[in-house]
Amino acid sequence: MDALRLSERSAARLIVALAVLAFVALLVLGGPFYQSFDEAKYLGLGHNLFAGRGYTTVFGATFTTHSPAWPAILVAPEVWLGVDALTWGRVLNYLSGAGLVLACAAFAWRIRPAAGALAAAAIVGVVYLHDLTRTARLDVPGAFVSVLAVLVGLEAMRRVSARWAVASGALFALAFLIKETSLVYIAVPTLAAIIWRQPLRSIARLTAWLALVLLAGISWWFAFVAATTGLIYRTSLPAWLLVPIALVLAVAIALGLASDPLARTRWATDAARAGGRMADRWPALAAALPWLLVVGWVVLLLVVLSRSPELGRTGLFDFPQWRAWGGRWLPSLRFAVLFGLVGGVAMLANAVAAWRARRMGARAGGEATNFPSELVVANLAGIPLLLFVVATGEPPRNDFAPLVFAVAFAAPGWLLIGEWLVRNRGSAPAVAAAALVGAIVGLSLTALVGRPSFRVAALAGALVGGGAFAAVWLRPKLGDLVAARTARYALAGALLLSLIATTSALAVHVRRHPGTAGDSARATAVETITGWVRTNVPLGTPLAFGSLLGNESAIELEGYPVVKLSAIQASFDVSAPLALRGGTGTQDDWVSVDPHQRKETSFFVFGADAVSRALLSRHVAYWIYTTGESTAAPTILGALTPANGFEQVQHWQWPNGDETSVFRVDPARLRLSGQPVRIAPAALDRLVSLLESRGQAAQGPARALVDRVELWPPGSTAPSALAALKALAGTGG
């Protein structure tokens, strides 16, 4: 190994180590955030599990959205050793976040050590990842175990090791039990090995071991959900289909484990010979077949995810939803998107150039020409997951595994760009390319710290990058002198500068968003609400909570029966009486309609019958409801009046703008049926727009709505939407 390459490896190790240290140091300096409703939900689930009350929420409902792995991991040290569950969860997140940095570096390191160092520096700059790592949520640990499972699975295929395959299967099982999104990656090691042209019998055997351990680890959860809901987990398919699916998988695993003796049979030998003759006759088809299998896996994932009940009545390809999601979340991911797109395009362009060079019998130039097919497979497998996250309106907290694969693939592309610039430094194209790269870098760094002056940053970067190469173009001797003096240390310096830039930007972000675990307005609200309940409400009195602050408050009220009474999601359906369909009850008694904050064609609604039944069946004495900027359903407050059986006995205004009201419920006077449909102006605008897109079919629900809608809060106006609704109903312009 030459001295320059040895120097690169040493510098890359140092950069990766510094990246991990900087990531963790800023976690500690920034401090954790106050618990979210999800974290409070995990705590309730975990404590109920260890208390023998089953896998139920603090409200007593069986929980089938995620397996009990993370709640159990979170709460076990508290139950057994007295260790605070949230503190323990944050430690696990810190370790998982650092693990993602290392894993990203490891994937890119396979291509080139410098690429691993650059990948580590880049992922440190993804502030959203850093923010989620400052919590006790399951997203970062789930992503880390998923990525680690893929890494170990690929190594199993490289080593042809059953032990490594078993380890990968165990990691995939753990990743699934933390968060089920890991399943999109289970085929990546197998597909990558096929592309590498590993012997098919060894691929089959290792895949069988991986699948056997995976199924042994997760099958019990599918059985539990099937017994509880009558459906296959995360689908609308009937539970009985698990039997034929299990039989097919059992046969496939048995054949895979027996692949070595089967390969020696006459039938297998003849098939191998026929395959060899086909490959000789149609080499292009033989080369394309592994990639067709990858495409087939992606299509299968798209079909399965598109049928998820979480999508409601919309599909994966809901373009208004894409625009809304991008407007909401892309600003926080702009750096990662720019880094991934530019570096990814460079990698693909280099692959095309290398392919053309091989066809012409020439030798491809450049340092990082090794094409990481396994990363291509992983990135393609992640596309259906990304589309699903956008379609469901979920935040990008589910996208950390795809983020790692994208950054690892893009990092060597940025090195290719740098090498091309250095090789062509004395040319006009290099000046133009350097100006473009400088503009992108400036824009990326500005996006990291959230400054609005993107044009200024892009212009400054273009001037710096283009100006530096223009000086070399105009003064060729200057370029030769700089190259001679800095060739040994230029790469290490560039990597260190990249890490300094991303770390500095992250430090600015952390300073602007300090931890709130100790002084959050929400913590004050929870403490005040629970204190009032203990003081004014007799122990054992049934309580209802709305969604906002419900979990956080309920877990503090041991001894009070609690029920969750919050809005349900309704999808637009022109065939429904009021054009909204949600839940399993009646569809024409909505008393409250708000826009869904994450999904462009959905709403949050309360139904009169559902609310009345929940309050009366659980003998609820008080309904505690918190609203604010982060809540989605405040219009129900318009129906909570003394005339309808609700007396407001307490009200608080919190520093963050949220408000909490406590209503005493009088069951004798409870009356919600026949109420107006109280609707927020934004919800009416959305609903009318959707009705207009259905033409004549919208007249029926429009007529039902026009006489019942009442804008809320009082004083709200939406003249154009009301006029359009009347026009659709045929009652006026």
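## Terms and basis of the model

Two strands are taken to pair if DSSP finds at least two bridges between them, and the strands (E, at least two residues) and helices (H or I, at least four) are themselves DSSP runs, numbered from the N terminus. The structure is a predicted model, in which local features need pLDDT of at least 70 and side-chain atom pairs count only at pLDDT 80 or more, while totals for chains, interfaces and linings use all residues. Residues are numbered from 1 along each chain as its sequence is written, and side-chain values use heavy atoms, with hydrogens and water left out.

## Confidence

The pLDDT, the predictor's confidence in each residue on a scale from 0 to 100, has a mean of 88 over the protein, and 89% of the residues reach 70 or more. Confidence is highest in helix H8 (residues 162-178), at a mean of 98, and lowest in helix H20 (residues 476-486), at 54. Over residues 362-369 the pLDDT is below 50, and this stretch has 14 contacts (heavy atoms within 4.5 Å) in the model beyond near neighbours in sequence.

## The five-stranded sheet

An open sheet of five strands runs in the order E2-E1-E7-E9-E8, with mixed pairing. Strand E2 (562-564) and strand E8 (646-653) each have a single partner strand and stand at the edges, so one side of each is left without a neighbour in the sheet. From one strand to the next the twist averages 20°.

Within this sheet, strand E1 (residues 543-545) and strand E7 (residues 622-627) pair in the parallel sense over three bridges, and alanine 544 has tryptophan 623 in E7 as its bridge partner. Helix H22 (residues 521-536) packs on the sheet and touches E1, E7, E8 and strand E9 (659-665), its direction making about 140° with that of E8; such angles run from 0 to 180 degrees between N-to-C directions, and axes are lines fitted to C-alpha atoms, for helices over the stretch in contact.

## The six-stranded sheet

A further open sheet has six strands in the order E4-E3-E6-E5-E10-E11, and its pairing is mixed. At its edges stand strand E4 (580-581) and strand E11 (709-711), each with a single partner strand, so one side of each is left without a neighbour in the sheet. Strand E5 (residues 590-595) pairs with strand E10 (residues 677-679) in the parallel sense over two bridges, where serine 592 has arginine 678 in E10 as its bridge partner.

## Helix packing

Helix H2 (residues 37-50) packs with helix H3 (residues 69-81) at an angle of about 65°, the axes lying 8 Å apart, and their crossing is right-handed. A crossing is right-handed if the near helix is turned clockwise from the far one by less than a right angle, and left-handed if anticlockwise. The contact includes Tyr42, Leu43 and Phe50 of H2 and Trp70, Pro71 and Trp80 of H3; its residues divide into 13 nonpolar, two polar and one charged, where Ala, Val, Leu, Ile, Met, Phe, Trp, Tyr, Cys and Pro count as nonpolar, Asp, Glu, Lys and Arg as charged, and the others, Gly among them, as polar.

Helix H25 (residues 681-692) and helix H27 (residues 719-729) pack at about 35° with their axes 9 Å apart, in a left-handed crossing. Among the residues that meet are Leu684 and Asp685 in H25 and Ala721 and Leu722 in H27, and by class this contact has eight nonpolar, no polar and two charged residues.
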